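Subject: Structure for you to look at

Hello,

Here is the structure I said I would pass on. Please open it and keep it beside this email while you read the notes below.

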Amino acid sequence: MKLTFESFSMILKKLNKMPTKSVFMRKHNKVKKFLEKILAPESDIRTQKGIILIIVLWVLTILMVIVLSFSVMARTESYSTLAYREELEKKFLAEAGVERGIAELFYRNLFKNANIFEEGRRVWRADGTAYSVLLSPGYFTVKIIDESGKIDINTLTDLSGIILRSLLINSGIQERDASEIVDSILDWKDADDLRRLNGAEDDFYMSLPVPYKAKNGRFDTLEELLLVKGITPGILYGGNQKKGILDFITIYSNSTTINLLSAPKEVLLAVPGFTPEIADEIISKREDLSTTGVLNVTIPQESTQFVKQTGSSNAYTIESAGYKDKDKAAFAVRATVIIDTANKFQYVYYKSPVQVRK
Ligand SMILES: [Ca+2]
């Protein structure tokens with residue numbers, strides 16, 4: 001403090017030596033007057049103390065703001081690092097689940113016709129049954145779904161379109177909208193430009209705000225359906241506690257019929273002539289079969305043209321969700337693999353992360 005006053009006096013002395021009419025002094029007259037006022041013997045010492053106090057308070061405030069912002073930054077960073085680590089662990093758990101699923105598919109192929117299994121080494125079922133496997137530091141849940149139990153939209157015909165139409169109606173879609181969707185899918189992939197009764201071809205798609213042409217070819221992904229007239233993300237993916245149709249349709253079955261050995265219940269219920277009782281009987285009977293046995297269920301005559309009771313495809317969808325202990329949120333992955341005969345496989349679809357139903 002003493003030093004400050006001394007330096008103030010020195011500055012004042014220097015200013016006093018300057019010629020009063022110089023440009024410099026004209027500019028700094030106010031500074032001089034201010035210093036004179038502070039250093040005057042009659043100047044109130046409390047004012048000087050007040051100035052120092054205010055400066056000290058400001059310095060303290062600035063230091064506190066710096067310290068606080070540092071601590072907030074450090075805390076945020078450590079929280080986000082923790083969350084990132086947890087998410088990463090769940091992601092790797094989910095990916096491990098996909099790999100395990102593929103290994104189980106090979107095992108399944110190996111013991112296709114076996115009736116006797118080692119203790120605890122039964123083959124995994126490919127009808128969407130969930131298997132949980134512990135793997136420190138958490139666990140993963142895997143479902144394998146044989147694509148032959150789903151409705152193939154690439155091989156869809158006017159006949160198998162009836163199953164899809166029922167599936168849509170069962171999921172709460174109006175009959176007219178369901179017909180529009182089925183006809184539009186058939187128009188989208190057929191080579192011609194002839195519009196079905198409720199379908200859509202170029203003339204419809206070209207009249208959209210962002211125009212495009214009908215593909216007139218096979219679907220490459222199920223998501224491509226969003227381009228087709230009548231299909232919304234809500235219909236495809238579900239939402240508001242309604243199931244979407246995504247889990248019940250495929251582009252890899254290469255069949256116009258539904259395989260009863262692996263069809264999800266929703267698909268079974270969409271087969272013409274099938275009652276909930278028949279669907280339940282099929283589900284309970286196939287649980288007794290090992291892998292590729294023949295299902296002995298009596299089905300109505302009208303249903304036979306839509307289904308088959310034997311075999312499997314070589315395309316499987318694997319849904320895997322990684323969980324940490326006591327942590328409810330999962331990181332999920334959906335992959336579709338084609339198992340080649342030479343015990344090789346290829347991914348034809350891989351999405352990470354995805355929303356999966358428990
Ligand atoms: Ca067409």
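Two strands count as paired if DSSP finds at least two bridges between them. By that rule β1 and β2 are paired, in the antiparallel sense and over 7 bridges. Please keep in mind that the model is predicted.

The hairpin

β1 and β2 make a hairpin, and 2 residues lie between the two strands. One of the bridges joins Leu134 to Tyr139, the latter in β2. The loop between β1 and β2 holds Pro137. The peptide bond that leads from Ser136 into Pro137 is cis, and its omega is near 10°.

In general, the strands of a sheet pair through backbone hydrogen bonds.

β2 (residues 138–146) also pairs with β9 (residues 315–324), in the antiparallel sense and over 9 bridges. In that pair, Thr141 has Ala321 of β9 as its bridge partner.

Strand β11 contains Pro353. The bond from Ser352 to Pro353 is a cis peptide bond with omega near -5°.

A helix pair

How do the axes of α4 and α5 cross? The axes of α4 (residues 161–170) and α5 (residues 175–189) come within 9 Å and cross at roughly 140°. Angles over 145 degrees would count as roughly antiparallel, so α4 is oblique to α5. The crossing of α4 and α5 is right-handed. On the α4 side, the residues in the contact are Gly161, Leu164, Arg165, Leu168 and Ile169; on the α5 side they are Glu175, Ala178, Ser179, Ile181, Val182 and Leu186. Sorted by class, the contact has 7 nonpolar, 2 polar and 2 charged residues.

A backbone detail

Most residues other than glycine have a negative phi, and most peptide bonds are trans. Asn216 has a positive phi, near 50°. Asn216 sits in the loop between α6 (202–205) and α7 (233–237).

The domains

The protein chain is split into domain 1 (2–43) and domain 2 (144–354). The C-alpha centres of domain 1 and domain 2 are 90 Å apart.

Regards

Definitions and conventions
Residues are numbered from 1 along each chain as its sequence is written. This is a predicted model: local features need pLDDT of at least 70, side-chain atom pairs count only at pLDDT 80 or more; totals for chains, interfaces and linings use all residues. Domain bounds come from an automatic or database domain assignment. Helices (H or I, at least four residues) and strands (E, at least two) are DSSP runs, numbered from the N terminus. Axes are lines fitted to C-alpha atoms, for helices over the stretch in contact, and angles run from 0 to 180 degrees between N-to-C directions. Angles under 35 degrees count as roughly parallel, over 145 as roughly antiparallel, 65 to 115 as roughly perpendicular and the rest as oblique. A crossing is left-handed if the near helix is turned anticlockwise from the far one by less than a right angle, and right-handed if clockwise. Two residues are in contact if their C-beta atoms, placed from the backbone, lie within 7 Å. Ala, Val, Leu, Ile, Met, Phe, Trp, Tyr, Cys and Pro count as nonpolar, Asp, Glu, Lys and Arg as charged, and the others, Gly among them, as polar.
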